[in-house]
Amino acid sequence: MGSREEIVAAAAKVMREQGYAHATTKVIARTAGYSEAMLYKHFRDKTDLFLSVLSDELPALGATLAELTADPGRAPLRDNLVRVARLGLAFYTDSFPIAISMFSSRELLRSHRDRVGGAGPRIPLKGVEDYLRAEVALGRLEADTDVEAVAALLLGACFQQAFLATFEETEPDDLAGRLADTLLAAI
């Protein structure tokens, strides 16, 4: 593993333990076993590092959604929805402790939102919507399916379970199969 990967892994560890707001680049560099100067050779700032943590260290929800959107018919619809739900739950469970501190300050949240531009919490939602549209085009979902509402229900449930697990310091319940079944029964 190279220095960049070690720094991202250390950042994920520190951000999970201390939250984004309290994870300093100095502590992250020390945890990785490098100097802050080395950290800045790979990353512009802490936000750049945070975005790398989200893309490199968290479950690959985005990549899976892109794969499913490109070829939705490879597996049964229910299996795909279970897969999305499991990854959504893992993604939110892993990212919750990292991202939650950004919401503790409107200034910090505004600054982060300005910095990341279009990247943000709507990206997974849009990915699920795109996948569901591919299922509609394939004819495995009705043409009048409200893909925005279905995506919001699925990821919202995953987010809620991650929130509860984080609050209770427990592992989240694996509701993926039940979520898929309930959604399919409703649509």
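Which residue caps the N-terminal end of α4? The residue is Asp-45, a side-chain oxygen of which lies 3.2 Å from the backbone nitrogen of Thr-47. This report describes the chain as a whole and then turns to selected helices, residues and salt bridges.

The structure is a predicted model, in which local features need pLDDT of at least 70 and side-chain atom pairs count only at pLDDT 80 or more, while totals for chains, interfaces and linings use all residues. Residues are numbered from 1 along each chain as its sequence is written, and side-chain values use heavy atoms, with hydrogens and water left out.

**The chain as a whole**

The chain has 10 helices and zero strands. Helices here are DSSP runs of H or I with at least four residues, strands are runs of E with at least two, and both are numbered from the N terminus. Along the sequence the pattern reads α-α-α-α-α-α-α-α-α-α. Taken along the principal axes, the box filled by the C-alpha atoms is roughly 55 × 35 × 30 Å.

Of the 187 residues of the chain, 42% count as buried. A residue is called buried under 20% relative accessible area, exposed over 50%, and partly exposed in between, with a 1.4 Å probe and protein chains only. The chain exposes about 10,200 Å², and carbon and sulfur atoms supply 54% of this area. Accessible areas come from the Shrake-Rupley method with a 1.4 Å probe; for residues, only the protein chains shown count as cover. Among the contacts with a separation of 6 or more, 71% are accounted for by residues 24 or more positions apart. A contact means heavy atoms within 4.5 Å.

Thr-25 lies in helix α2, which spans residues 25-32. Thr-25 counts as buried because its relative accessibility is 10%. Its side chain makes a polar contact with the side chain of Tyr-40 at 3.2 Å. A polar contact is a pair of N or O atoms within 3.5 Å; within protein, one must be able to donate a hydrogen and the other to accept it, and residues adjacent in sequence count only if both atoms are side-chain atoms. Leaving aside neighbours within four places in sequence, Thr-25 is in contact with Glu-36, Leu-39, Tyr-40 and Lys-46.

**Helix α10**

In helix α10, residues 176-186, the buried residues are Ala-176, Gly-177, Leu-179, Ala-180 and Leu-183. They lie on the same side of α10 because they cover an arc of only 165° around the axis. The arc is that of the directions from the helix axis to the C-beta atoms. The cover over these buried residues includes α6 and α9 (147-168). On the face turned away from the buried side, α10 carries the exposed residues Arg-178, Thr-182, Ala-185 and Ala-186.

**Salt bridges**

Side chains of opposite charge can pair when their charged atoms come close. A salt bridge is a side-chain nitrogen of Lys or Arg within 4 Å of a carboxyl oxygen of Asp or Glu. By this rule the count comes to nine. The table gives some of these pairs.

| Pair | Closest N to O distance |
|---|---|
| Glu-67 and Arg-83 | 3.0 Å |
| Arg-133 and Asp-130 | 3.4 Å |

Glu-67 forms its salt bridge with Arg-83. Glu-67 lies in helix α5 and Arg-83 in helix α6, so this pair ties together parts that are 16 residues apart in sequence. Glu-67 is partly exposed at 35% relative accessibility, and Arg-83 is partly exposed at 31%.

Arg-133 and Asp-130 are separated by about one helical turn because they are three residues apart in helix α8 (residues 122-138). Arg-133 is partly exposed at 37% relative accessibility, and Asp-130 at 26%. Both belong to a network of salt bridges that links Lys-126, Asp-130, Arg-133 and Glu-148.

**Ala-75 and its surroundings**

Arg-140 is also touched by Ala-75, as is Asn-80, not counting residues up to four places away in sequence. Ala-75 is placed in the loop between α5 (61-70) and α6 (77-99). With a relative accessible area of 22%, Ala-75 is partly exposed.
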